[in-house]
Amino acid sequence: MSNTNTAKITVNGDRLWQSLMELAEIGAYNDEGTGLRGVNRPVLTDADVASRRRVIAWMEQVGLAVRIDRMGNIYGRREGADSTAAPVLTGSHIDSVATAGAFDGCLGVLGGIEVVRTLNEHGITTRRPIEVGIFTEEEGGRFGTDMLGSAVAASRLTLEYAHALTDRDGLTLGGELARTGFDGTVEARLAPPHAYVECHIEQGPVLAENDVAVGVVTGVQGISWQEITIHGRAAHAGTTPTHLRADAGLAAARIIVHLRALVDSGDYGELRATVGHLVVHPDLTNIVPAHAELTVDLRNPDDTQMARAEEALAAFLHDLEDSQPGLSLTCRQMAKTTYVPFDEGVQKVIAQAADDHGLKHISLLSGAGHDAQEIAALCPTAMIFVRGEYDGISHSPREYSTPQACRQGVDVLATTLLRLADQD
Ligand code: HGY
Ligand code: MN
Ligand code: MN
């Protein structure tokens, strides 16, 4: 097969699906809420370590040269005719949220490996090397900052900062990398690839609503994560008059309601707000909560509107402190990324590949964060979205994309990588 820029390649969809289902068994659990098999594979837990080892074995089976960097990021390299040329990079993550499906992140990693298998089968040598990356702690579920491994690879965050992050048990990322043997020796700062393309499930309803198979992703909206700790006063639920209370639980509830009011006001653009973590202490029926801890996840495609929403929340928290004598609050910024546009040229290669595979496609912004938003700081970057079923639900065991949708997305990935790897 000639390596001209019109070359097209299709992958083995059954083999791809088989690898997705096999990986989904690592960290699998029976989800009571949905009655489905979910995946619970937070970074550097036993399940994540087992999945890393499984995928490394698959990488080595297809001849990839595997290296691990000081963030535990894993890269598999397929040599090209010109080994000095900057590689074309693809990949994603295999760590998961606690109630995940089989596809988030895994499709991009296993899709990259399937592309390599297919290139091998066709005896294709690309001009540029091709690399498949697995980035550490993309979900941020354990160490509190998402896209962590790729953010260090792209130098947005330092290795020292990342290694010092702790989980809820006080374990550090650096310590967990050493304990699991994924404290690689390779410099975490990634040499700029020629281009980066990530294939990922859309995790939303847009592709299905437009009845298209593939999305060409134009960029990623901004993300702001904060942890708010509320200090009140424990008191007897029966004997303490309302006016003598410093009720941390009430304050937390008011924050949640106010966030929805900010969204519903329409005054902050396409703001989305989520309180996903909320605990009160001492968490007993007959004690007014002394403490509350919650996280606020804000998303906005417009950085100015995001800043206005953050300011509005800060002002509300300030007033909230005055609302109950004895109440105090502290805020910690856990994660903060701005809107990231993707490269037009790479988007064009993806769109052309989709056309050449006869697949309808639309362009759309990503509502979720991805490693691609970090690697975009190093090289021309874009993403391929694959359609999801059930309104594209994700971060849920109900997450589902059909075998055909997965194969179509990885076909577009394969052809895109093939063409990018032939570029000068
Ligand atoms: O938070 C996100 O958007 C991604 O799933 N880490
Ligand atoms: Mn993901
Ligand atoms: Mn995710």
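Predicted model: local features only at pLDDT ≥ 70, side-chain atom pairs only at ≥ 80, totals over all residues.
Buried means under 20% relative accessible area.

Figure 1. Pro-193 occupies the loop that runs between α6 (173–180) and β7 (195–201). Once neighbours within four places in sequence are set aside, Pro-193 is in contact with Ala-86, Pro-87 and Leu-89, and also with Leu-378 and Cys-379. A further reference point is His-370, which stands 177 residues from Pro-193 along the chain; the C-alpha atoms of the two are separated by 17 Å.

**Figure 2. The chain as a whole.** The secondary structure comprises 12 helices and 18 strands. With a radius of gyration of 23 Å, close to the 22 Å that the globule rule gives for 424 residues, the chain is as compact as a globular protein of that length. The C-alpha trace extends over about 80 × 45 × 40 Å along its principal axes. Of the 424 residues, 56% count as buried. Among contacts between residues at least 6 apart in sequence, 79% join residues at least 24 apart. The chain exposes about 17,100 Å², and carbon and sulfur atoms supply 51% of that area. There are 34 positive and 57 negative charges, and the mean positions of the two sets are 2 Å apart.

**Figure 3. The largest nonpolar core and a separate core.** The largest nonpolar core has 97 residues, and those with the most contacts inside it are Leu-20, Val-55, Leu-107 and Ile-113. Helix α12 (residues 403–420) gives the most to this core, contributing nine residues. Apart from this core lies another one, of 23 residues, including Ala-251, Ala-252, Tyr-268 and Val-296. For Leu-20, the contacts beyond four places in sequence are Ala-102, Phe-103, Cys-106, Leu-107, Leu-110 and Cys-406.

**Figure 4. Gly-111 within helix α3.** Gly-111 forms part of helix α3, which covers residues 106–121. Its relative accessibility is 0%, so Gly-111 counts as buried. Not counting residues up to four places away in sequence, Gly-111 touches Leu-16, Cys-106, Val-410 and Leu-413. Val-217 is 106 residues from Gly-111 along the chain, and a distance of 17 Å separates their C-alpha atoms.

**Figure 5. Gln-226 in strand β9.** Strand β9 (residues 222–231) contains Gln-226. This glutamine has a relative accessible area of 10% and is therefore buried. Beyond its neighbours within four places in sequence, Gln-226 is in contact with Leu-294, Thr-295 and Val-296, with Glu-310 and Leu-313, and with Cys-331, Arg-332, Gln-333 and Met-334.

Figure 6. Most residues other than glycine have a negative phi, and most peptide bonds are trans. The bond that joins His-281 and Pro-282 is a cis peptide bond, with omega about 10 degrees. Pro-282 is placed in the loop between β12 (278–281) and β13 (287–288). Asp-211 is not a glycine, yet its phi is positive, at about 50 degrees. The loop between α7 (206–209) and β8 (214–220) holds Asp-211. With a relative accessibility of 45%, Asp-211 counts as partly exposed.

Figure 7. Asp-391 has a positive phi of about 60 degrees, although it is not a glycine. At a relative accessibility of 64%, Asp-391 counts as exposed, whereas Glu-389 is partly exposed, with a relative accessible area of 24%. Leaving out residues up to four places away in sequence, Glu-389 touches Tyr-400 and Thr-402. Arg-272 is 117 residues from Glu-389 in sequence, and the pair are 22 Å apart in space, C-alpha to C-alpha.

How values were computed. Residues numbered from 1 in each chain as written. Chains lettered and ligands numbered in written order. Heavy atoms only, no water. Core = buried A, V, L, I, M, F, W, Y, C linked by side-chain atoms within 4.5 Å. Buried < 20%, exposed > 50% of the residue type's maximum accessible area, 1.4 Å probe, protein only. Helix = DSSP H or I, 4+ residues; strand = E, 2+ residues; numbered from the N terminus. Contact = heavy atoms within 4.5 Å. Rg over C-alpha atoms; globule rule 2.2 N^0.38 Å. Areas by Shrake-Rupley, 256 points an atom, 1.4 Å probe, with all protein chains shown as cover. Lys, Arg positive; Asp, Glu negative; His and termini not counted. Charge placed at Lys NZ, Arg CZ, Asp CG, Glu CD.
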